[in-house]
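Reader: I have a model open here and want to go through some of its packing. Can you start with the strands?

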Amino acid sequence: MLVIHIGPRKTATTYLQSNFYRNRKELLGRGWLYPVVSQRAQNAHHGVVSSKDDVLAEKGALFKRLKRAAAQAAKANANMLISSEGFRKWKAKDFVKLGKVLDQDEVMIVYTLRDPLSLLVSVWGETIKNGRDTAFPRYAERQLAEPLKSDVLNALIELQPILDHPKLRLSVLNFEAVRRGNEDIYTAFGRHILGLDGLVPTREKPANFSFPIEISDYLRHLARITDYDPKKSEMLFSRLFLACHSTADMEKITVAIREAGRDERQVVRLDRDAEWYGALEADLIAKLGPRVHPLPVDGKIFPRGATEIVSHDMERLAQHPEIAKLLGESVNKLKAGRVPWTKSRFMRTWRYIQRTLGF
């Protein structure tokens, strides 16, 4: 069997991939091959996504490595597991084709289902880390205008084509139930998806993290005034920021925005008792049925109650002398390019050479 974990975003996907990679020997010993097919991204299979045309056409170096991995799995009488958020953009027929070229008759897609309103906040935060400058109230308004048409809020937009295809299986990990049960998501994935009890993570926490709202708002304004272009930069804006700002710097920024921003706050209320929210949950339960693990309790997957997200009007806040001073200091630090040598282009190239040589 070929299992393709497609994420989505902000559901501990990087954490899962890191543990799949670090524990691949144990997984293989228990019947699951998590192959390494790219030196550039060993933890996950983003290269398979970016090389889709070649892979499905059965050509190219990456396809050959993937094919060898499938042969290794067959020899060990093991299933294959691959993972990348980028698979979300594939069509159902692409998954079937991938299974066919890898000689896998059974293909199962795995999707982690999270509360859409919590996901909304997390995805916005990720866009800011990537250098976007949209304020949360505007972002939320756009997504909530027609929530059932939003691929952030409505998982069925991505899942329905998989459900409709007769040659694909779907298994959904219930993120909220796993969290409520205080179970590690890697352990839960092993138990519910792979049929393996007792998997223990070797990475203690996810690589991704969330900034406090004050830093997120500061970052989006900083990206705007520095004209940061995600398409032209070799490093994410948040990483550039972290490379030249200390923990003390960020604490200073956070406190300053909290104090100066008391009159510049914007509150967005996210209502889990809204009609669309309940209707979406009911539709998910009806269509997914026993594919959800763990199964919903009392006919509910998602939590209830309202959440208030506080953000700041940075255009006005930037006019405060203390905030303007901090922004000026940040602009100068970014211009100076104070990136640690460990994150330099030379070190990234050197690490790539080491991986290629097998060190």
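Author: V172 stands opposite V292 in β7. The model is predicted, with local features needing pLDDT of at least 70 and side-chain atom pairs pLDDT 80 or more, while totals for chains, interfaces and linings use all residues. Residues are numbered from 1 along each chain as its sequence is written, and side-chain values use heavy atoms, leaving out hydrogens and water.

Reader: In which sense do β5 and β7 pair, and over how many bridges?

Author: Parallel, over two bridges, with β7 covering residues 292-293. Strands pair if DSSP finds at least two bridges between them. The strands are DSSP runs of E, at least two residues, and helices are runs of H or I, at least four, numbered from the N terminus.

Reader: And how many bridges join β4 to β5?

Author: Seven, and β4 (residues 107-113) and β5 run parallel. V107 stands opposite L168 in β5.

Reader: Switching to helices. At what angle do the axes of α12 and α17 cross?

Author: Roughly 60°, and the axes of α12 (residues 213-225) and α17 (residues 321-336) come within 11 Å.

Reader: Which residues in α12 meet α17?

Author: Y218, H221, L222 and I225, which meet L326, L327, S330, V331 and L334 in α17, where contact means heavy atoms within 4.5 Å.

Terms used
Axes are lines fitted to C-alpha atoms, for helices over the stretch in contact, and angles run from 0 to 180 degrees between N-to-C directions.
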